[in-house]
Amino acid sequence: MSRLIAAWTLLREDLQVARDRDPAARSSIEVALAYPGVHAVWAHRVTHRMWRNPALRLPARLLSQATRSATGIEIHPAATIGRRLFIDHGMGVVVGETAVVGDDVTLFHGTTLGGRSMTHGKRHPTIGDRVVVGAGAKVLGAVTVGHDAQIGANAVVVKDVPDGTVAVGVPAVVRGRPAASPGVDYCEDPAIFI
């Protein structure tokens, strides 16, 4: 019974985070039925659990590929994602095998958390808590993006990003976060700070 309660809690959390972070979300029913980012996260929870059993790795990969076909979002079953991940729009999002994504992260469409080498071992990024990754951004290699950092749209991150900073450009340059501006929400695209 406790597993059922835990699963229900996660489902409700996922619906609520989409409603909190997307001003276009009108109801939990709409989010549950029409948000591919939520569907991809739900499917990943299943495939990640399957991946832990070596006998289920092939079915886990097949289910993750079916999810990619349905949602346009590819999350490797071995990737570790935290709670309340929100993938906005989602088309073209890729999360690699050794990626680790913290809690309360927002990924916009076209985001890649990818590798830079073909070697075994840790080759994908580690994303801290409360990070926002802008549309089209690429975070490549075994880099660490610190808590509360923001990655600007279309940035290419190949070096670590410290906590609470903004990374923009190609290749990304790390900048301090500007003083709070009236009306600038944490989910504003950090590219506005260039």
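1. Is Arg45 buried, partly exposed or exposed? Arg45 is partly exposed, with a relative accessible area of 24%. That value comes from a predicted model.

2. Arg45 has a charged partner. Asp14 pairs with Arg45 in a salt bridge, and their closest N and O atoms are 2.5 Å apart. The two residues sit in distant parts of the chain: Asp14 belongs to helix 1 (residues 2–21) and Arg45 to helix 3 (residues 36–51), 31 residues apart. Asp14 counts as buried because its relative accessibility is 2%, under the 20% cut-off.

3. The structure holds 9 salt bridges in total. Another of them joins Arg26 and Glu30, with 3.2 Å between the closest N and O atoms. Arg26 is exposed, at 65% relative accessibility. Glu30 is partly exposed, at 21%.

4. Asp104 and Arg84 also meet through their side chains in a salt bridge, at 2.5 Å from N to O. This pair again links distant parts of the chain, 20 residues apart. Asp104 lies in the loop between strand 5 (100–101) and strand 6 (106–108). Arg84 lies in the loop between strand 2 (80–81) and strand 3 (86–88). Arg84 is partly exposed, at 23% relative accessibility.

5. Arg84 and Asp104 belong to a network of salt bridges that also includes Glu13, Arg21 and Arg83.

6. Now a residue in helix 4 (residues 57–71): Thr67. Thr67 counts as buried because its relative accessibility is 13%, under 20%. Setting aside neighbours within four places in sequence, Thr67 is in contact with Ala40, Ala43, Gly72 and Ile73.

Conventions: Residues are numbered from 1 along each chain as its sequence is written. This is a predicted model: local features need pLDDT of at least 70, side-chain atom pairs count only at pLDDT 80 or more; totals for chains, interfaces and linings use all residues. Side-chain values use heavy atoms; hydrogens and water are left out. Helices (H or I, at least four residues) and strands (E, at least two) are DSSP runs, numbered from the N terminus. Buried means under 20% relative accessible area, exposed over 50%, partly exposed in between (1.4 Å probe, protein chains only). Contact means heavy atoms within 4.5 Å. A salt bridge is a side-chain nitrogen of Lys or Arg within 4 Å of a carboxyl oxygen of Asp or Glu.
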